[in-house]
Amino acid sequence: MIATFTIILFFLLLIGLPVAFSLGMGGVAGIFAFMGGTSEALSQVPIIGYQSIDDFVLTAVPLYILMSQILLEGKVGSNLFELANKWLRHLPGGLGIATVIACAIFAAITGSSVACAVTIGAIAIPEMLSRGYDRATVLGSVAAGGTLGILIPPSIPMILYSAITDESVGKLFMSGVFPGVLMTLMFTGIVVMRSRHLKREAPATWEERIDELKKSFWGLLLPVIVVGGIYTGIFTPTEAAAIGTVYSIIITMLIYRTLTPMDMPKILKDTVKTTCMIFAIMIGANLFGFVLTILEAPQALTESVVGITNNKWFVFIAINILLLFLGTILESVSIIFIALPIIFPLICSVGFDPIWFNVVMLLNLELALITPPVGMNLFVLKGISPDSSMTDIVKGVIPFGVAMALLIFILCLFPGIATWLPSVIK
């Protein structure tokens, strides 16, 4: 019966029905089938829908989305790219390094992979191509750099992970810091290796560097306030989202003057659209998950796997293969809501640290963002660089995808990379 409902779900997805409606229809059909078509049974639908988003932690989601939209429209990312360019362009592959570093900083500010790829890519792609960089390398560095938005805190997928698993948002945020830094260094290494033959650019003067640093100072201060405030216990992740949003309004309207009150209706509209998309998927997933709970799917999966093998690494490899497969047909938010409620009990039963697994799952979601056929960042790059073919884009992201897989392997050998910092949070 579980297999039947899974097949129905994938059929609805394959015919093009939006993920939220595919999950919701499957859930309603399951409730109708197993609880009868009575009004009492169907009354569970609105109750489940309400309970799905009745969580204070989820208040942070629209706030972080709003903060991301404000910074995107306020062109804060442009300043960050110019800052990285001034300080790093004289290095081998300097402009490529600047692109990845700018993506990492903007990711730490917004937590949005798409916003990161759009903002930095729109500036970096023409600049790098005009200086002789290989097109595939250019596209790959922007696409992969954009994925850092879901690994480096603050991260919306981490908030959703917390809502499903009841793990601490603060600890989840901190678990992504060191892996995010390591991933950034690996990406810059790839860019250097693929661009080392290019002629180095003349270094900027110290006066230019300091001027650019002063110009970008207020934007650079935002991740310090948000992440530093969470780490030191001054405020919670949800409070940090509210403070970051207010701060982003202040710097874009009063300091940089790149936004006016007339821009806010569009920003709010885009925020509501994205928030509604995420919450609609959440409600649909919970309806579908309710049926799986009735069928005892998580328990059945755990018992079946444990009955086959006691080797937790075999289970780990199988879960990673599943996540990579889902990443080829679904976007990251959908994967979290569909897969996590089922595999999380299994992860805990075989002895894996849920904080550590959060980072591993996010790395898989990063791969999903650059994996055909539905990798979101691939389509974003195609939109901002219409002259580039999808073949060039896919070719460019392959080395970065290999680096992500390598980091997963490194985390298996050294889990403390992800778990040490959360362990010292008080």
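**A buried arginine and its surroundings**

Author: Happy to! Please keep in mind that this is a predicted model. Let's start with S22, which sits in helix α2, spanning residues 19-35. With a relative accessibility of 1%, S22 counts as buried, because buried means under 20%. Beyond its neighbours within four places in sequence, S22 is in contact with L9, L12, L13 and L17.

R89 is buried, yet it has no salt bridge. Which side chain of opposite charge is nearest to R89? That is E208, 4.0 Å away. The side chain of R89 does have a polar atom placed 3.0 Å from the backbone oxygen of A202. Once neighbours within four places in sequence are set aside, the contacts of R89 include A202 and E208, together with E201, P203 and A204. A84, G94 and L95 are also in contact with R89.

For a contrast in setting, let's turn to the surface. There, F217, W218, V246, I250, L254 and I255 form a nonpolar patch, with about 540 Å² of accessible area together. Two elements, α13 (206-232) and α14 (237-255), each give two or more residues to this patch. Helix α14 gives the most, with four residues. W218, for its part, lies in helix α13.

Notes: Residues numbered from 1 in each chain as written. Predicted model: local features only at pLDDT ≥ 70, side-chain atom pairs only at ≥ 80, totals over all residues. Heavy atoms only, no water. Patch = residues over 30% accessible without salt bridge, like charges linked within 9 Å, V, L, I, M, F, W, Y side chains within 5 Å. Areas by Shrake-Rupley, 256 points an atom, 1.4 Å probe, with all protein chains shown as cover. Buried < 20%, exposed > 50% of the residue type's maximum accessible area, 1.4 Å probe, protein only. Contact = heavy atoms within 4.5 Å. Lys, Arg positive; Asp, Glu negative; His and termini not counted. Polar contact = N/O pair within 3.5 Å; in protein donor to acceptor, adjacent residues only side chain to side chain.
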